[in-house]
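These are my notes on one structure. I set out to look up the ligand surroundings first, then the chain as a whole, and then the aromatic pairs.

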Amino acid sequence: MSQQKPVEIGRVISIAGSKVSGIMATHNDANESEYALRAAQMGAVVTMTTPRSLVFGIIGGLTTQNPTYPSSPDESRIIEIDLMGEAFKKDENGGLIFQRGVSIYPGLGSPILTTTPEALGQIYSQPSAPNIKVGVLQQDRSQPSYLQVDELIGQHFAILGNSGTGKSCAITVLLQAILNEYANGHIVLLDPHDEYEKAFKGQAEVIAPENLQMPYWLLNFEEMAEAICSHEPRSREIEAPILKDAILAAKQEHQDGQENPVPFTVDTPIPYSLAKVREHIRAEMGRLNRPEKAQPYLRVISKIEGLQKDSRFAFIFSSMLLKDSMGAILSRILRIPVEGKPITIFTLSGVPSEIVDVVVSVLCRLIFDFALWGAKDNSVPLLLVCEEAHRYAPRDKDLGFAPTRRSIARIAKEGRKYGVSLGLVTQRPSEISEVILSQCNTLFIMRLSNERDQRFVTHVLPENAAGLLRALPALRAQEAIAVGEGVSLPMLICFDAIDSDKRPHSDTHRVSTGWDGDQPGLDFVDSTVERWRKQDR
Ligand SMILES: Nc1ncnc2c1ncn2[C@@H]1O[C@H](COP(=O)(O)OP(=O)(O)OP(=O)(O)O)[C@@H](O)[C@H]1O
Ligand SMILES: [Mg+2]
């Protein structure tokens with residue numbers, strides 16, 4: 001039957017705040033009846049009329065109150081609806097003006113109607129503000145779904161969902177859509193699993209330890225202490241002041257040799273020599289009156305020497321990094337100038353695990369501080385996309401690296417003022433800092449089957465979208481509930497499909513092909529051992 005006219009699927013029986021319940025209609029006409037049953041689906045948009053407006057909402061629950069088997073016409077089927085917005089007649093031709101929120105409520109007994117494709121197209125129409133298309137509406141795949149760029153990127157967003165639901169693909173679709181419109185972007189993507197190079201071929205500056213220089217003098221004291229001092233708290237308490245005094249002395253010595261010395265603290269990112277740091281520690285150690293006190297001094301010296309000799313850490317601790325290259329490093333990471341590569345992919349899988357937290361911390365801090373100190377009248381908006389965000393910004397304060405969490409929290413809280421925004425991606429929403437997640441004004445929630453994750457997400461959602469969450473466990477890959485500032489109204493999105501050669505590299509290994517024959521031989525094991533020893537993936 002035609003869907004061009006709205007079909008009545010029920011009547012309003014209760015209204016409480018933004019929640020409306022309705023009883024489902026029983027149609028005499030079998031076609032209509034079947035259509036109404038099909039239309040009353042979780043996530044479907046329905047409308048109700050008032051004398052002056054059209055109110056619309058999304059079905060968030062369906063129940064049969066007095067079920068019988070087989071079903072009888074006496075069963076009362078209840079529809080729960082979350083109200084989303086309303087539309088007023090704009091002109092005689094039937095044009096409508098849509099807005100979020102409801103000012104005139106439907107009355108008890110008002111008919112609940114299906115939404116025609118035309119009305120759906122009007123509700124989710126292309127916004128007049130700058131926007132991108134990222135997919136189609138899940139309930140009507142002929143309707144494009146748009147995101148508002150300034151609201152999306154100006155105010156942080158997050159993509160949440162179980163493993164394998166399509167988060168990495170979604171972020172690729174999103175960033176590609178943005179870069180198609182705005183080729184001169186400044187996006188930094190933290191890529192812990194080396195997935196994204198393939199997805200942004202030719203558009204990305206790919207940074208890995210082999211081609212990165214992140215001189216130790218960019219580290220603040222907390223990060224330096226994390227890399228050098230013992231992790232056992234009591235030893236660290238003794239070692240940290242030794243390191244701090246030596247760094248200050250080495251910085252002073254370096255400044256004394258400069259034409260225009262600058263005032264500094266132990267955290268100021270200015271070059272200094274690690275050899276001088278060692279020298280100062282040795283000199284201090286020589287002044288000790290009891291030799292048994294020398295242990296912590298020796299530990300710090302030996303740790304610095306160890307880091308300087310270890311080729312895996314050369315990108316941070318090489319003594320060749322004394323030159324002041326801060327401008328060049330920032331220019332490369334932040335893509336200023338863009339030079340045709342608007343995105344920096346930071347591949348972290350090759351970064352030794354002992355130091356990966358420090359690298360991420362420095363990076364997040366550099367991005368925020370660059371924006372903070374940038375000229376106010378000529379700022380460059382920056383977007384930091386953080387995969388596996390629960391690792392860097394965990395909810396549990398005892399996990400992760402405190403300075404990294406602080407840097408991300410700082411961007412989440414204050415970044416907007418300085419033009420830095422966050423895109424967080426995680427498969428464990430309940431493990432990510434709630435404070436940080438609650439700053440994300442647009443959420444894309446993909447399938448989440450864990451109840452704890454679902455409960456956690458409910459907390460950060462606007463009240464009227466809570467019903468939509470019941471659809472969460474049933475979402476398919478590529479589908480998401482989108483809520484918040486970046487979308488004109490909550491919607492179920494099906495993200496555009498990406499061709500297999502442009503998808504982020506997925507880690508899924510197939511037994512059916514991998515165990516098909518006795519393919520790899522001893523040379524495969526030998527080459528693995530070699531790479532393992534060289535720590536070179
Ligand atoms: N938009 C899409 N276009 C094409 N394929 C997709 C899309 N979304 C998901 N897929 C399919 O689903 C698979 C998993 O997607 P993806 O790697 O994005 O999931 P994920 O949520 O990032 O998983 P993980 O949590 O393990 O990182 C992809 O390899 C692809 O086959
Ligand atoms: Mg992924």
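Predicted model: local features only at pLDDT ≥ 70, side-chain atom pairs only at ≥ 80, totals over all residues.

**Entry 1. Ligand contacts.** A nitrogen atom of ligand 1 lies 2.9 Å from a polar backbone atom of Asp 496. I then looked for side-chain partners. For Ser 163, I found an N or O atom of the side chain 2.8 Å from an oxygen atom of ligand 1. For Arg 503, the corresponding entry is 3.4 Å, between an N or O atom of the side chain and a nitrogen atom of ligand 1. I next looked up how far the ligand is covered: taken alone, ligand 1 exposes 630 Å², and the protein buries 80% of that.

**Entry 2. The shell.** Which residues come nearest to ligand 1? Among the 14 residues around the ligand, I noted Ser 163, Gly 164, Lys 167, Ser 168 and Cys 169 as the nearest. Sorted by class, the shell around ligand 1 consists of 8 polar, 3 nonpolar and 3 charged residues.

**Entry 3. The chain as a whole.** I recorded 17 helices and 18 strands in the protein chain. Its C-alpha atoms fill a box of roughly 100 × 65 × 45 Å along the principal axes. The chain has 537 residues, and 49% of them count as buried. I also looked up the accessible surface, which comes to about 26700 Å², with 49% belonging to carbon and sulfur atoms. Among contacts between residues at least 6 apart in sequence, I found that 68% join residues at least 24 apart.

**Entry 4. Aromatic pairs.** How many aromatic pairs does the structure hold? I counted 6. I followed Tyr 216 and Tyr 272, which form an edge-to-face pair with 5.5 Å centre to centre and 80° between the planes. This pair links distant parts of the chain, 56 residues apart: Tyr 216 is in the loop between strand S12 (204-207) and helix H5 (221-228), and Tyr 272 is in the loop between helix H6 (233-256) and helix H7 (274-286). I noted both Tyr 216 and Tyr 272 as buried.

Tyr 216 also pairs with Phe 317, and here the rings are stacked, at 6.5 Å centre to centre and 5° between the planes. Phe 317 sits in helix H9 (residues 314-317), 101 residues from Tyr 216, so I recorded this pair, by the 6.5 Å limit on ring centres, as another link between distant parts of the chain. Phe 317 is buried, as is Tyr 216.

**Entry 5. A ring cluster.** Lastly, I noted that ring pairs link Phe 157, Phe 444 and Phe 495 into a cluster.

Key. Residues numbered from 1 in each chain as written. Chains lettered and ligands numbered in written order. Heavy atoms only, no water. Near = heavy atom within 4 Å. Polar contact = N/O pair within 3.5 Å; in protein donor to acceptor, adjacent residues only side chain to side chain. Areas by Shrake-Rupley, 256 points an atom, 1.4 Å probe, with all protein chains shown as cover. Nonpolar A, V, L, I, M, F, W, Y, C, P; charged D, E, K, R; others polar. Helix = DSSP H or I, 4+ residues; strand = E, 2+ residues; numbered from the N terminus. Buried < 20%, exposed > 50% of the residue type's maximum accessible area, 1.4 Å probe, protein only. Contact = heavy atoms within 4.5 Å. Phe/Tyr/Trp six-rings, centres within 6.5 Å; stacked < 30°, edge-to-face > 60°.
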